[in-house]
Amino acid sequence: MMGAIRQVLAERHLARLFEALDGQGEEIRIAGGAVRDALLGTVPDEIDLATTALPDEIVRRAEAAGLKPVPTGIEHGTVTVVVDGRPFEVTTLRRDVETDGRHAVVAFGRDWEEDAKRRDFTINGLFLDREGQVHDFIGGKSDIEARRIRFIGDATTRIREDYLRILRFFRFFARYADGDPDEEALHAAIAEREGLLNLSRERIRVELLKTLAARRAADAFDILSETGLFGLVTGGIARLSRLRRLWELEQILGRRPDPVLRLAAVGLFVEDDAERLRERLRLSNEEAGRLRALAGPPFDASGEASSKVLLYRLGAPTYDGRVMLGWIDAGASPMDFAWRDRLTLPERWTAPRFPIGGTDLSRWGVDKGPEMGSLLKALEERWIAAGFPDDMDFGAELARIRG
Ligand SMILES: Nc1ccn([C@@H]2O[C@H](COP(=O)(O)OP(=O)(O)OP(=O)(O)O)[C@@H](O)[C@H]2O)c(=O)n1
C-alpha cells in the first residue's frame, strides 16, 4: 500500500468513522478528490465518503456510536458526520435519473460502478475501502499515473449535466495534468461553452481563482483565452505573457501562488478592468480592493524614496503585488538587483504612522469640519514629501499652509 494511503487510513478519526458505519450489510468507502490526492502522494485535508447505507441509517449508526450526524444535504443523501470535531461528508450512493443542466435529479442506489460513472473525471471517480483497496471502474488509476484529465464516458453528456465541469476541466488540468489537454474534452468544452452563461458568478469565481492558483495556470489560461472561454466568463481580454512572466518570477523568487495577484496580471489593462472583474466574478470587497490597488498607474521605479511613498500609501501586501507587476511590466530580469531591493523594502523599513490627528489641529485653533480634513491631508502630504521625518514642526507647517 502506498504511503499516503496508509497514512489516510491510519488516521484515528477516520478509523472511528469506519468502525461506526462499515459492515453489517452496508459498506462505506472514501470517494472522489481524497482518493485522487492520496494516489498522488498527498494526504488530503478533506475526506468525503460514499456508502450503500441510506441517510437515516447513517444517522442511526453515527448516533449509536456516539458520533455527531448533521444532515447537511439530506435531500442529496449527504450527512456530515463529526468525529471529535473533524467533519466527514458521507453520501449515499446515487444514480442519476434526469438532469436540467445544473441540478442532477438523483435516486439512491447500491451500485458502486453506477455511482462512479456519474462523476466528472476519471481521476475523481475512484473509491478507496478501509482495507486500502482502490476500486477503479473507469480507468482512473492509469489516468492518474499518466497525469491525464478525461471525462468519464461522453464528455458532452458530462458537461450538459453541469456546465461548471467545463471550468473544472481546466482547473484539474492546471493542477495535475502533464502534456496537452484531452482532445475530446477540449472539443466538448468549446462546443458547449454557451452553457457557462447559465452558471452563477460565485461558482465561476471559485473555479477561476483555483485554476489561477494551480501549477499550470499559465498553460490553462492560454487555452481558456484561445478558445474564447476567458472572454465569455470575464468579459475581457487575457494578458497571457504577463501571467507567464509572473509565474516565472514567482518560481525564481520561491513564491507561493497568489490567485488575486495572478488575476490582476492576466485580467487588468486599465483600472476599469478591476470593476468589471469584481462584477463578473462577484469578488469579495477585499479581493476587489486589492485588484483596484493593483490596477494603479505604472510603478515609479526611480528610487528608494518613491518606493517608500508607495509602500506607505498602499500597505505592505498591495505594495508587494505592485512591485511584482511593475517588475514584469518593466521587462526587467528576475535577477535585477534594483527590483529585488524594492521587493524587500518592507523587510527593512516599516511605514510610520502619520503622527498627528484632529485633536492636535483643534489645539492649534482649527474647527472640526471639512476644513480640518483637508488641512490634515495637506499636512500629511507635506510630511510624505519630506520623507516621513519624526521631528516635523506641524504647528509651523500649518501656519504656512493657512498663510
Ligand atoms: N460538478 C461536479 C462536482 C463534483 N463531482 C464529484 O464530486 C467530488 C467532490 O467534488 P469537489 O469537492 O468539488 O472537488 P474535489 O474533487 O474534492 O476537489 P478539491 O477538493 O480539490 O476541489 C469530485 O471528486 C467528483 O467525483 C462531479 O462529479 N461533478
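Mentor: One term before we start: a residue is buried if 20 or more other C-beta atoms lie within 10 Å of its own. Also keep in mind that this is a predicted model.

Trainee: Okay, which residues are buried in helix H16?
Mentor: In H16, which covers residues 285–294, they are Arg-290, Leu-291 and Leu-294. They sit on the same side of H16, because they cover an arc of only 100 degrees around the axis.

Trainee: And what do the buried residues of H16 pack against?
Mentor: Three helices: H14 (259–267), H15 (271–280) and H18 (316–329).

Trainee: Let's talk about the core. Which residues touch the most other members of the largest one?
Mentor: That core has 93 residues, and Val-35, Val-81, Ile-149, Ala-217, Ala-220, Ala-264 and Leu-291 touch the most other members. Helix H8 gives the most to this core, with nine residues. As background, nonpolar side chains tend to be buried together in soluble globular proteins.

Trainee: What does Ile-149 touch, not counting residues up to four places away in sequence?
Mentor: With those left out, its contacts include Phe-121, Phe-169, Phe-172, Phe-173 and Tyr-176. Asp-182 is also among them.

Trainee: Switching topic: is Ala-38 buried or exposed?
Mentor: Ala-38 is buried, because 25 other C-beta atoms lie within 10 Å. You'll find Ala-38 in helix H3, residues 33–39.

Trainee: Who are the contacts of Ala-38 beyond four places in sequence?
Mentor: Ala-38 touches Ala-4, Ile-5, Val-8, Val-43, Pro-44 and Leu-128. Gln-7 is 31 residues from Ala-38 along the chain, yet their C-alpha atoms are separated by 8.9 Å.

Trainee: Now the sheet. What's the order of the strands?
Mentor: It's an open sheet of seven strands, running S3-S4-S5-S2-S1-S8-S9, and the pairing is mixed. S3 (68–73) and S9 (134–135) are the edge strands, each pairing on one side only.

Trainee: How many bridges join S4 to S5?
Mentor: Six, and the two strands run antiparallel. As one example, Val-79 has Val-90 in S5 as its bridge partner.

How values were computed
Residues numbered from 1 in each chain as written. Predicted model: local features only at pLDDT ≥ 70, side-chain atom pairs only at ≥ 80, totals over all residues. Core = buried A, V, L, I, M, F, W, Y, C linked by C-beta atoms within 7 Å. Buried ≥ 20, exposed ≤ 12 C-beta atoms within 10 Å, placed from the backbone. Helix = DSSP H or I, 4+ residues; strand = E, 2+ residues; numbered from the N terminus. Contact = placed C-beta atoms within 7 Å. Arc of directions from axis to C-beta. Pairing = 2+ DSSP bridges.
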